[in-house]
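Here's a quick briefing for anyone opening this structure for the first time.

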Amino acid sequence: MAERILIVDADKGVREALGEFLISLGYEVVMAENGQEALTKYRNGVFDIIMADLIMPSMDGMELLRRVREVKSDEVIFLMITGHPSIGTAVEAINQGADDYITKPFHLEDVKQRLTKCLEKQTLKGRLKTAQGLAWGLMLSIPLWLLLGIILVLLFKG
C-alpha cells in the first residue's frame, strides 16, 4: 500500500507541482491550502507524511506541527517547507518534532531523497520498538518460568 502524504501550502502552484511529482512516485496525495484545513484532514484521515509550508494564513506550519504532535507524537513524518529559511526556524522546527526541513525553491530529486531517508528512519524506529518489546517480554517471562519451575519442583518433591 502506498504511503499517504498530506501536502499543505498556500501556493496552489507549489501544491500541485509537488503533488503531481509525488503521485508519479507512487504516493497517495491529499492537499490542503492552510494549516487549519490540513489539521481537519489529518484528524479525519490516516497519513504517513505531512509536508507543510512554514508561512500560511490562519495557521502556520509551526502551529500545525505542534498540533499534529499533540495528536500522535511521532507516528507521522513531518517535513517543514519554507521559502524564508533561517537557522532559527530550522532549529525550532526540528526541536518541535519536524523530521526534516526543506527550503524553497527545492529540487524534486532532493525531496524524493529526503522522503526516502525519513521513511527508512521511520521503519528503523518501528523495528527498534519491536525489538525492545521482545527484549522486555523475555526479561519478564524468564523469571516467571524459573519461578514456575521452582514451584513445580517443590510440589513434586513433597
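Predicted model: local features only at pLDDT ≥ 70, side-chain atom pairs only at ≥ 80, totals over all residues.

Residues are numbered from 1 along each chain as its sequence is written, and side-chain values use heavy atoms, with hydrogens and water left out. Helices (H or I, at least four residues) and strands (E, at least two) are DSSP runs, numbered from the N terminus.

- Most residues other than glycine have a negative phi, and most peptide bonds are trans.
- Ser58 has a positive phi, near 70 degrees, without being a glycine.
- You'll find Ser58 in the loop between β3 (49-53) and α3 (61-71), and with a relative accessible area of 63% Ser58 is exposed.
- Beyond its neighbours within four places in sequence, Ser58 is in contact (heavy atoms within 4.5 Å) with Asn34 and Gln36.
- Ser58 and Asn34 sit 24 residues apart in sequence, yet 6.8 Å apart in space, C-alpha to C-alpha.
- The Lys104 to Pro105 peptide bond is cis, with omega near -10 degrees, and Pro105 lies in the loop between β5 (100-103) and α5 (108-157).

**A helix pair**
- The axes of α2 (residues 35-44) and α3 come within 10 Å and cross at roughly 15 degrees; axes are lines fitted to C-alpha atoms, for helices over the stretch in contact, with angles from 0 to 180 degrees between N-to-C directions.
- So α2 and α3 are roughly parallel to each other, a label for angles under 35 degrees.
- Among the residues that meet are Leu39 and Tyr42 in α2, and Leu64 and Val68 in α3.

**Nonpolar cores**
- A nonpolar core is a set of buried Ala, Val, Leu, Ile, Met, Phe, Trp, Tyr and Cys residues joined through side-chain atoms within 4.5 Å.
- In the largest one, with 24 residues, Leu6, Val8, Ile50, Leu64, Val68, Phe78 and Met80 touch the most other members.
- α3 gives the most to this core, with 4 residues.
- A second, separate core of 19 residues includes Tyr27, Ile77, Phe106 and Leu119.
- Leaving out residues up to four places away in sequence, Phe78 touches residues including Ile50, Leu64 and Val68.

Technical notes
Buried < 20%, exposed > 50% of the residue type's maximum accessible area, 1.4 Å probe, protein only. Parallel < 35°, antiparallel > 145°, perpendicular 65-115°, else oblique.
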